[in-house]
Amino acid sequence: MDMPSQNTEARQDATHVDVLVVGAGISGIGAAWHLKDQCPGKSFLILEKKDTFGGTWVTHTYPGIRSDSDLYTFGYRFKPWTSAPIASAEEILKYMGEVIEENGIDAHIRYGHTITAAHFSRADNLWTVEVTENATGEQKIFTANFLWMCQGYYNHEQPFTPEWDGMDDYKGEIIHPQLWPENADLKDKRVLVIGSGATAATLVPAIAGDVDHVTLLQRSPTYFLPAPNANELADTLREIEIDEDIIHPIVRKKNLFDQLQLTTRCKTEPEVVKEELLDGVREFLGPDYDIATHFTPRYRPWQQRVAVVPDGDLFQGIASGKADVVTDTIDRFTEKGVLLNSGEEFEADIIVTATGFNLSVLGDIPFSVDDEPVSWPETITYRGMMFTGVPNMVWIFGYFRASWTLRVDIVADFVCNLLNHMDRHGADSVEVALRPEDANMEISSWVDPDDFNPNYLMRDMHLLPKAGDKPEWRHTQDYWNECDVIPTIDPGSSEFVYHGQAATAEAETEAAE
């Protein structure tokens with residue numbers, strides 16, 4: 001079937017740029033900065049579905065919304081962070097807004113633009129992207145030589161909520177944090193929060209002071225790291241009047257060093273780290289609290305994400321009596337609350353389902369190459385950035401064990417190096433392809449479940465591209481290795497295949513020699 005992108009007339013009114021960035025969240029704004037810095041001759045636009053920048057930080061509006069990574073590493077390497085390491089959504093949006101304003105990025109953003117399809121033509125070496133302008137319903141066409149996907153990895157409109165029996169019987173209000181209503185009234189209400197991740201740990205202490213009582217109901221515990229919401233090194237350097245441009249990289253490196261030590265120890269001495277994490281909880285809840293039931297996970301530390309709890313606020317709420325934790329499974333919803341499999345019924349005026357999100361692979365956009373639909377599970381990833389059979393495209397997928405944004409910076413180094421290499425060699429397109437030595441490579445899932453296995457990833461792993469058993473064909477999740485490898489990747493390596501008149505002539509010359 002011919003798509004509009006194949007039609008020359010349809011492209012006559014298209015807006016063309018060298019690079020089209022998808023998403024004005026933390027990844028897209030970072031990509032824009034690096035394009036201006038490292039590829040100043042490239043024209044680019046950012047297409048954003050929302051009416052403002054910020055991505056996840058505007059999607060989530062529930063009480064207490066904050067980062068669970070420190071901002072010295074979650075912030076960009078080029079923009080100093082000057083406040084507390086665990087930051088609110090408001091503070092993060094202010095920081096991003098400053099990056100946009102200080103670098104003139106706002107002129108490159110088109111808000112309220114929803115992509116409905118993306119097609120690559122090898123005949124033209126061109127992406128054609130079909131877009132709907134939300135406010136008017138107008139259909140638009142954008143064309144680009146290169147597509148940079150920065151739209152994140154979860155569905156912003158449809159969060160994940162399990163289908164429990166009896167949900168229609170419940171007479172109270174059910175709220176998912178991702179769809180938090182503006183008029184939510186929790187004051188003096190009995191609230192039940194279902195979940196055990198960072199969202200639940202953030203929400204419970206944020207509402208504990210207003211509600212009659214809040215109970216955290218979890219199927220199984222999560223590891224938490226209570227820590228002061230301050231950075232002693234940064235504060236000391238400020239006290240002696242060191243410039244923020246110097247403080248930021250120093251504190252960033254120190255935090256990354258500490259994170260590497262923790263990550264390594266989680267694998268080499270998991271039982272020791274486990275006890276250290278649990279001791280941190282005991283400091284707040286005391287020796288008589290049932291830590292074994294409510295805060296001792298069944299998996300080793302960092303097999304799922306370890307969330308920082310600033311100043312131990314979750315545990316302070318529990319210790320005060322305004323909040324408590326129940327570890328059990330739900331049999332069904334009732335008119336007044338939920339019935340647990342233990343036989344106990346919990347009554348609540350409001351039930352908050354902090355049960356996670358649904359994965360979104362490449363924004364759930366229909367992609368095609370030469371009119372053939374792209375099936376992502378049939379592709380193999382190149383370092384979690386590019387995919388076999390899909391030219392001129394990179395996806396930013398950040399880190400689980402380190403701050404997401406760390407990968408934004410180093411992938412940007414790779415993309416800009418690749419684009420500049422293509423310009424120098426007259427190449428119009430580039431794609432990754434398995435080499436002869438990869439012929440018998442073992443193919444497996446996007447990540448190794450034994451290494452990292454959060455529920456949202458396990459539910460939808462079948463939707464993601466595949467990985468090989470060699471570093472080039474895996475998404476390793478290892479920042480401390482990738483920070484050296486990715487920015488220095490040689491675009492002339494054999495896994496890259498280039499097309500274009502000049503590139504073809506050069507390849508023929510090299511083959512003849």
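Colleague: Which residues touch the most other members of the largest nonpolar core?

Modeller: This is a predicted model, where local features need pLDDT of at least 70, side-chain atom pairs count only at pLDDT 80 or more, and totals for chains, interfaces and linings use all residues. Residues are numbered from 1 along each chain as its sequence is written, and side-chain values use heavy atoms, leaving out hydrogens and water. A nonpolar core is a set of buried Ala, Val, Leu, Ile, Met, Phe, Trp, Tyr and Cys residues joined through side-chain atoms within 4.5 Å, buried being under 20% relative accessible area, exposed over 50% and partly exposed in between (1.4 Å probe, protein chains only). In the largest one, of 140 residues, the answer is W148, F367 and F414.

Colleague: Nice! Which helix gives the most to this core?

Modeller: Helices are DSSP runs of H or I with at least four residues, numbered from the N terminus. With twelve residues in this core, the top contributor is helix α12 (residues 404-425).

Colleague: How many disulfides does a search of the whole structure find?

Modeller: A disulfide here is a pair of cysteine sulfur atoms within 2.5 Å. C266 is in none, as its nearest cysteine sulfur, in C483, is 19 Å away. The C416 sulfur lies 3.8 Å from that of C39, its closest, so the two are too far apart for a bond. The search therefore gives a total of zero.

Colleague: And is C416 buried or exposed?

Modeller: Its relative accessible area is 0%, so C416 is buried.

Colleague: What about L233: how does its accessibility class come out?

Modeller: L233 lies in helix α7 (residues 232-239). Its relative accessibility is 32%, so L233 counts as partly exposed.

Methods: Helices (H or I, at least four residues) and strands (E, at least two) are DSSP runs, numbered from the N terminus.
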